[in-house]
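Here's a quick tour for anyone meeting this structure for the first time. Have a look at it below, then read on for the rings, the charges and one of the interfaces.

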Amino acid sequence: MTIPAFIIKNALRNKRRAALSILSVAVSLFLLVTLQVALRELTLPPEDVGAALRVAVRNKISLANLLPARQLPIIERIPGVESVTPFTWFGGKYKNEEGMTFAQFAMDAKKLRKVFGEAKMSEEEYVAFENQRNACIIGRITAEKYRLKRGDRITLESTVYPVTMDFQIVGIYSGTVDDRNMLFHQEYLDEASGLPGMVGMWWMKVTSAEAMPKVIQRINDTFANTSAEVRAESERAFQLSFISMWGNIRILVTSVSSVVVFTLVLVSASTMSMAIRERFRELAILKALGFRRRELFAFILAESFGLAAVGGLIGIGSAYLLYTYGDISKLTSGVFVVFEVTPRILAFASLVAASLGILASLLPSLAAARMSVVEGLKTLD
Amino acid sequence: MATEPIVTIRNLTKVYAQGEIQVTALHEVSLDIAAGEFMTLMGPSGSGKSTLLHIIAGIDRPTRGECHVQGVDVARLNETELADWRNQNVGFVFQTFNLIPVLTAFENVELPLLLTQLGRKERRRQVAAALDLVGLADRMHHLPKQLSGGQEQRVAIARALVTDPNLIVADEPTGNLDAHSAEDVLRALQALRRDAGKTVIMVTHDPKAAAFGSRSVHLEKGELTNA
Amino acid sequence: MALPLKYNFRNVFVRWRATLATVTGIALVVAVFVLVQSLAVGLEKASQNTGDPRNVMVARKGSTAESSSQVTREQSRNILYLPEIARDARGRPLVSADVVILVNLPRRDGTGEANVTVRGVTPMGMDLRPQVTLTHGRWFNPGRREAVVSQKVARRFAHCDVGGRIRTGGTELTIVGWMDGDNSAFDSEVWMDADEARSAFDRDNYSSLLVRVADTNQMAALAKRIESDKRASLRAEPEIAYYSAQTRTAGPIRILGNFLATTMSIGAIFAAMNTMYASVGARTREIGTLRVLGYRRRSVLLGFIIEGVILAGLGGLLGCMLALPMHGYSTGTLSFDSFSEVVFQFRITPWLAAQGVIFAIAVGFLGSLLPAVRAARLPVISALKAV
């Protein structure tokens, strides 16, 4: 028999205890990875390919205030602006659903390819969208969720405008980070609501990343001191401003997560300490046989570390597999889209698992060092 | 002395399966124990003396044969009936005392009484009487770890006798004690027989301890040698 | 017959080193559960605590937020003289036409911006909302660009001290006072003069009407009369019902709380199980002794379950005590109903605390079940094993 074989035999002596220890470590680390990934996605929303060149313009008072359509030609004339589309929140309720699971925006269909190039559809679908007045396109996820296909008609009741509108789906796009939105014609909305002349926002593509700061500055200055002052910002900044609106909740989720992790680490550490305390009799025998303290520590550490490593592997591994290969958008009914387990998170979780292994061996090691052989032999299970 | 036997054992056999191997602990043992005896069971390790005691006390079951205690065939009772039967008919004294560490001497002795219908006051009286009999009335509120080994064992004897069973069984009660404490315990067991009229069965391998009994039975390899 | 409770209690405490980690673990699980749920409760309480039972809220049909609702001046004139509406001493109908605008304001701590609800109210509107009282400064004067901020909003947003100025779009508002909404939805609002708000934010229409009925039995009749005008497409419902339906924000918080509680409780059950298994293992002889004394299997089973429950119950109580200092602490987040910042408080209700303890007891029960079964199955003869 070798020393490692002895350690393994020892660790598995009480199989139930070993299994419970490993499982509790696995659960903790699974949760740790989940919370880390969720927090990352909450604080750093995923970015589209085209985002680097996009600018969003909203009413300076707030997003809920509209902008006059007459701003369009003025913006288009600003150097560095390649293409501009209105982008108006419709806030439609689909069927009788309480919450809205997908957003709808009215826009200029002809600008779709230029401004939101990452939304991919067939040429035929693009043409149909541009030419049909009541046409709309929807994202792949929404289409799958409601089993909608091209040619279907849908009716939406707006919570913002006093209208209920009918649309025909002419295309289903995919390729954006979150293929859920529905897009339709701004003119169709103007016509139905009888309130032309106002749009929700302006979204545009600029010619280059270098041009962006200047374009943003120009737009903001142009409409300063008019009846509709605007706030132009990069797509990234616009997204981040949304996150700021979450307020204290984010801090709260962060601190709750820390408590969660601390709790689970504590629980797993105590579980493992208990598993090792069971070995006191063996340790005393080893001591009687002439093993030195240093070697006893090695035994304890190896066992504790081993349990933590196996637990960590199961917890982190299953989280990685689930979030990488599972359909996270379906699992969370659309709250999270990407849920990427980054190498940094994997490394952090592994580090926690390793320190857990070391931490859990500390108390038993101290006790083992202090114990006399006679006392250890007396220790009852 | 009444000759009516309190325990009647007929053709009792106990076979243990130890993995693949069958070990016969008792082989066709027949024995009568009269009420009021202080019988000692002697024999070398593995002779089956403890097994016999366990079967009489209803904590182990025979493979074959009968064991009647006060007319009841113990082997035929189910788990729950057996639990109630033990509570009412047998007091058990262990080699390792087996007091509950979190309970005081008084509470340990009271424990079997909690299974009876007795009221609080009556329980108090009986516990005090039992502790008095073993000479520990002044140690009532001590925890087991505050008592010496001999005192712990005497508390255990008080616990065995508190429900007023006719039969007291003791498994190597002096095995963990020094000579002086052992004598205290043995005298307490003698007192049970003499003052309370109990039947006492004690397993021991110590001839000096056996000398305290009224009759001695020897077992060897699962069979009686001097029935 | 059950084992005496003091036996179970003392056993929990005598092994305090082993149980401490488990009790602390369960306490933290319960604290997290109670805290997260108390946010949801706080949000719901804030909306449920809003409104006067005699008031009816009129808004555009289909709109989910006051800020996206529109009521034209003509519609509002038509409603003004409906017979069910109460009148004041001078015969004026108790109706307030409000305008609600969302305004993006920078946070006081510099962590970004958020939408805040600005409500343009008439003097009548203030009378109709007796929950709101002035705490600092004075009320705004009609015809001036002045505003009164809820003190809870003021603590969270920049330039909101009395005398401060908030700039939004081309408009500058001077803060002349702080108000308190008595833990209602009005605690999340900024108030100013209705006509001034309409001119400052360029609104022709009102957002909503608040109407007092003369007799609460006539509420349904009034609502029916208002909604029967199909062309106007308005919806009327009791103010209290309108606000208490605004609970969409609390939903995801509850889901988060339940998710955390479920996952963490699995870990806690493992911990309790381990502690209890260790306890059973260490007390093998003791359990056998109890059986020899005549205790039945089910008494042993019950005894160990009770121990697990005591252990976890202690954790639950400790968890509630850990969470309790946060009770009443004010916080804010984006409301899914109004799309603006909603300020509310952690609310640890007795029922919520009870839920926490029940939750802990469930963990203790599940965690001790298998160890207890093992204890009950131990053979009587194990009493004689020298371990």
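A salt bridge here is a side-chain nitrogen of Lys or Arg within 4 Å of a carboxyl oxygen of Asp or Glu. By that rule, the count between chain B and chain C is five salt bridges. Bear in mind that this is a predicted model, where local features need pLDDT of at least 70, side-chain atom pairs count only at pLDDT 80 or more, and totals for chains, interfaces and linings use all residues. Residues are numbered from 1 along each chain as its sequence is written, chains are lettered from A and ligands numbered from 1 in the order in which they are written, and side-chain values use heavy atoms, with hydrogens and water left out.

**Where chain B meets chain C**

- One of the salt bridges joins B:Glu79 to C:Arg297, with the closest N and O atoms 3.9 Å apart.
- Helix H2 (residues 79-89) of chain B supplies the largest share of that chain's side touching chain C, namely six residues; helices (H or I, at least four residues) and strands (E, at least two) are DSSP runs, numbered from the N terminus.
- Counting contact as heavy atoms within 4.5 Å, chain B brings 25 residues and chain C brings 23 residues.
- About 2300 Å² is buried between the two chains, 64% of it from carbon and sulfur atoms; this is the accessible area (1.4 Å probe) that two parts lose on being put together, summed over both.

**Aromatic rings**

- Over all chains there are 23 aromatic pairs, meaning rings of Phe, Tyr and Trp (its six-membered ring) with centres within 6.5 Å; planes under 30 degrees apart count as stacked, over 60 as edge-to-face and the rest as tilted.
- A:Phe87 and A:Phe116 have ring centres 5.4 Å apart and planes at 35°, so they make a tilted pair.
- A:Phe87 sits in strand E3 (residues 81-89) and A:Phe116 in the loop between helix H4 (112-115) and helix H5 (123-131) of chain A, so the pair ties together parts 29 residues apart in sequence.
- A:Phe87 is buried, at 9% relative accessible area, and A:Phe116 is buried too, at 13%; buried means under 20%, exposed over 50%, partly exposed in between (1.4 Å probe, protein chains only).
- A:Phe87 and A:Phe116 also belong to one aromatic cluster with A:Trp89, A:Phe105, A:Trp203 and A:Phe238.

**Charges over rings**

- A:Arg16 lies over the face of C:Tyr277, 3.6 Å from the ring centre; the rule asks for NZ of Lys or CZ of Arg within 6 Å of the ring centre and within 35 degrees of the ring normal.
- A:Arg113 lies over the face of A:Tyr126, at 4.1 Å from the ring centre.
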